[in-house]
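Dear colleague,

I am handing over the structure below, together with a short account of what was found in it. Please keep it open while you read.

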Amino acid sequence: MSIGIVSAAYIAAAVLFILALGGLSNQEKAKRAVWYGIVGMGLAVLGTVFGPGIGHYWLLIPAVLIGGYAGYEVARRVEMTEMPQLVAALHSFVGLAAVFIGLNAQLELSHVLALKAADDGAAVEALRGFASVLAHKTPVEISILKVEVFLGIFIGAVTFTGSVVAFGKLAGRIDGKPHKLPGGHMLNLAALLLSIALGYLYFTGAGIWTMVLMAILAGFIGWHLIMGIGGADMPVVVSMLNSYSGWAAAAIGFTLGNDLLIVTGALVGSSGAILSYIMCKAMNRHFVSVILGGFGGTGGPAAEVEGEMIAIDADGVAAALEDADSVIIVPGYGMAVAQAQNSVSVLTEHLRKQGKTVRFAIHPVAGRLPGHMNVLLAEAKVPYDIVMEMDEINEDFPETDVAIVIGSNDIVNPAAQDDPNSPIAGMPVLEVWKAKQVFVSKRGQGTGYSGIENPLFYKENTRMFYGDAKQSLDKLLSIIR
């Protein structure tokens, strides 16, 4: 494949990636956008594998086929509730690839410089692929390459360990509460300064051991940063790690001289950073505070919650829905865990046939991944036009007869407005307690993933509809049908 065809394939792939990102912002265009991404990635892989200077097909093609089949199997088997941890796991692969490629680039560079120092012209001319590119670099270009290697390994190592911790927290294998070692942020700062010092030694020719040590320090920073972030901020963390993986890929692109990888990495990195900023704004969080592992915090203990949670059965909820004219449903991660989205869709259809106004309220950080609830509702064929964002529907709760909260906690917590010492103080929330009646579908009386107590559950107009969300809704449907 000639360089011209490869360039055309890369340009087409870049355009398709941009169209994919643009389409994913709209639920109705999302499926088409996914196909843009698939075709773009296919072009990128073909252009790279069969481009000039690429060889060893006996090794490369089996690797692509094995990797493609593994990805197919993982995507086929993973449940929708496991998508956040899958995304975090995939980010770790990008980070680890950046580390390995950076270290390999340094090994190759050392080999090429040794040949040139020995004045072995025949051996230098015999070099192929990446080694041949390195052999023709000027001293200035080699210095720039070392900067790229340093950044690629640093960002990649932070992304790798941070993503592994995020995977553990999202999968429930690591405690979701924030944890920091004694010394807190000073340890991160010390590790960063040591990494910069090792980078200086690397630029002055100290050897690859500096990059190995720097990768270990960067890995510690990534681990400590994400361990210090609480469960309520995990959607932002996933988005932030997406941004890190993009910048790591861009650094790899600069190292390898691959224009498409630079463009793709920049698109992913910048879009992830913008999304993280938007989500922090929606949560009234400081962007820098979150990415530094929860720098700052509240000044005292959270207020004690007084009162009693009052339970209600399916008959009680059915009676209230029978009398209601307007209903707002607030879905959360609990709905995803219970696989209750189809039951919610059937309930919505039934109530709408009775002439009731039914809408959905989606908080920007509902679930554990940006857009998680929108995807689940779309999968259950809930009409797009009744799925409202927080800003569109929050003022309508006082005129709403019934609000149904399904597996949500922090995004409907009034302590965000009432308690300045709450861990989520100042975070915009869905004001469901202003509805005439509130039903909360919940498995038990626990505080949920983030461990934050919710005064909503103790309010006079709130009733707790205990049990698995799907089983509870199916029982409710059997009564109201």
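Are helix 7 and helix 8 roughly parallel or roughly antiparallel to each other? This is a predicted model, in which local features need pLDDT of at least 70 and side-chain atom pairs count only at pLDDT 80 or more, while totals for chains, interfaces and linings use all residues. Residues are numbered from 1 along each chain as its sequence is written, and side-chain values use heavy atoms, with hydrogens and water left out.

Helix 7 (residues 139–170) and helix 8 (residues 185–203) pack with their axes 10 Å apart and at an angle of about 150°, where axes are lines fitted to C-alpha atoms over the stretch in contact, and angles run from 0 to 180 degrees between N-to-C directions. The two helices are therefore roughly antiparallel, a term for angles over 145 degrees.

In the contact (heavy atoms within 4.5 Å), helix 7 takes part with Lys 146, Val 147, Val 149, Phe 150 and Phe 154, and helix 8 with Leu 192, Ser 195, Ile 196, Gly 199, Tyr 202 and Phe 203. By class, eight of these residues are nonpolar, two are polar and one is charged, with Gly counted as polar and Tyr as nonpolar.

As for the whole chain, there are 19 helices and six strands, which are DSSP runs (H or I, at least four residues, for helices; E, at least two, for strands) numbered from the N terminus. Of its 481 residues, 46% count as buried, meaning under 20% relative accessible area with a 1.4 Å probe. The C-alpha trace spans about 90 × 50 × 30 Å along its principal axes.

Best wishes

Terms used
Parallel < 35°, antiparallel > 145°, perpendicular 65-115°, else oblique. Buried < 20%, exposed > 50% of the residue type's maximum accessible area, 1.4 Å probe, protein only.
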